[in-house]
Amino acid sequence: MTLSALYQIFLDCSVVTTDSRHCPEDSLFIALKGDSFNGNVFAAQALKEGCSYVVIDEPDYAEAGDERYIIVPDCLQTLQQLANYHRRQLGTRVIAITGTNGKTTTKELISAVLSQAHHILYTQGNLNNHIGVPLTLLRLKPEHALAVIEMGANHPGEIKILAEIAEPDYGLITNVGKAHLEGFGSFEGVMQTKGELYDYLCSKEDATVFVHHDNPYLTEMVQTRNLLPIFYGTDESLYISGHTTGNSPFLTFEWKAGKESQPNEVHMQLIGEYNLPNALAAVTIGSYFGVEPQQINEALSTYVPLNNRSQLKQTADNTLIIDTYNANPTSMMAALENFRNMNASNKAVILGDMRELGVESETEHQKIVDYLKRYSFAQVLLVGEQFAATAHSFRSYANAQELIEDLQTSKPLNSTILIKGSNGIRLNTVVDYL
């Protein structure tokens, strides 16, 4: 079957699904494969559950004579090609976002701001990989004026692939830092991979990128490429400038457009001075696309973070700052610096291992421990084998469950507690015991 013929079938279906447990009526099922599953096995079940058609790449799973089975050479490649074809047919303006830290929060903030004045599509959750990006693009409708597409990567070449699928018109790299070094090999590898978004945009005439001017790595990356940069940061000469005015515990900041305009003050429900560049990115893109200042301020002030990202939770015994979705040396240090500067008493930290750092892991975990030694937090609890292997005298636990068992008999009280670690350490499970 040709791609154009499959596209006509797609248009007649209600939605695309890759999960046989979620098959809305008249949907199109695409059978993907993973390390521990084979979607082809569930094709017949998907039809029973409500799908109109199923796309498979193993003919043995098709029932003879049943035209609802569509056989292709490779289901993943077909999903990506179909998404790109759909994106081209609609011609929606696409804003691509990547970066080491803050890309999901920035995507959420940008989407909240743009939604004030435009009908937009944006990446749900963190569906930012080779499957999530095409699934997001396939949700595009003619009424969408803009699409905000998050792109993640942990190996070289992955942003290039995602950019070629989404064909963005605009780009934003939040920052570059030490993360996924196991896959990237080095910090230079991180810069090169994130820069693949800029490389793609160079192939488009007059492509626009939004750049955090305070970040020397990003300014260097954009200067070496033929791109039109829109700068934001702390310098008042920039397109959008801003600075922090409060952080106890929520971020408060002022921003203005250009040198002469009046400042706008925003009181956010987001923790962390490190979120100022993310908020300014949203202001910048909102302003660029014609969202009024009052609408921008309203969107940012009412945004509430989800998914254990910079969340504040008050329990009967403590105040918790929950940032357990992900962690790398850059984000961990930023969280600790912010926490140290925060106006709060009896500060405690619970930190979990930072995953996927490869040969840099021992050094980077020791740097965090050395930082903790320099500053007198009321209590420090470390979780994971990487932190356990460092030189320190803090309380240490092999895993989250071991920590939970200890907390049930002895836990911090009347404390403000920062909880941060890689998602795989499962520190989110600790929250209910604090």
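Predicted model: local features only at pLDDT ≥ 70, side-chain atom pairs only at ≥ 80, totals over all residues.

Go to arginine 426. The segment after strand 19 (416–420) holds this residue. Arginine 426 also has a positive phi, near 65 degrees, in a residue other than glycine. Its relative accessible area is 48%, so arginine 426 is partly exposed.

**A cis peptide**

Now select serine 248 and proline 249. The peptide bond joining them is cis, with omega about -5 degrees. Proline 249 sits in the loop between strand 11 (240–247) and strand 12 (250–257).

**Helix 4**

Select residues 103–114, which make up helix 4. Does the span of the helix agree or disagree with its 12 residues? At 1.5 Å a residue it should span 16 Å, and the end C-alpha atoms are 16 Å apart, so the two agree. Next, colour by accessibility. Of the 12 residues, 10 are buried, so helix 4 is largely enclosed by the rest of the structure. Among the buried ones are Leu109, Ile110, Val113 and Leu114. The buried set also includes Lys103 and Lys107.

**Cysteines**

Show the cysteine sulfurs. How many disulfides does the structure hold? The number is 0. Cysteine 75 is in no disulfide, and the nearest cysteine sulfur, on cysteine 51, is 13 Å away. Cysteine 75 has 0% relative accessibility and so counts as buried. Jump to cysteine 202: its relative accessible area is 30%, so this one is partly exposed.

**The second largest pocket**

Finish with a surface view. Select Phe10, Ser14, Leu138, Arg139 and Lys141, which lie nearest the centre of the second largest pocket. The lining has 19 residues in total, and the pocket volume is about 290 Å³. Which helices each supply at least two lining residues? Helix 1 (3–12), helix 3 (75–90) and helix 5 (132–137) do. Colour the lining by residue type: 12 are nonpolar, 5 polar and 2 charged.

Definitions and conventions: Residues numbered from 1 in each chain as written. Heavy atoms only, no water. Helix = DSSP H or I, 4+ residues; strand = E, 2+ residues; numbered from the N terminus. Expected span 1.5 Å × (residues − 1). Buried < 20%, exposed > 50% of the residue type's maximum accessible area, 1.4 Å probe, protein only. Disulfide = S-S within 2.5 Å. 1 Å grid on protein atoms, 1.4 Å probe; cavity = no way out; pocket = protein on both sides within 12 Å on 5 of 7 lines; lining within 4 Å. Points joined across faces, edges and corners; volume = space filled by probe spheres on them. Nonpolar A, V, L, I, M, F, W, Y, C, P; charged D, E, K, R; others polar.
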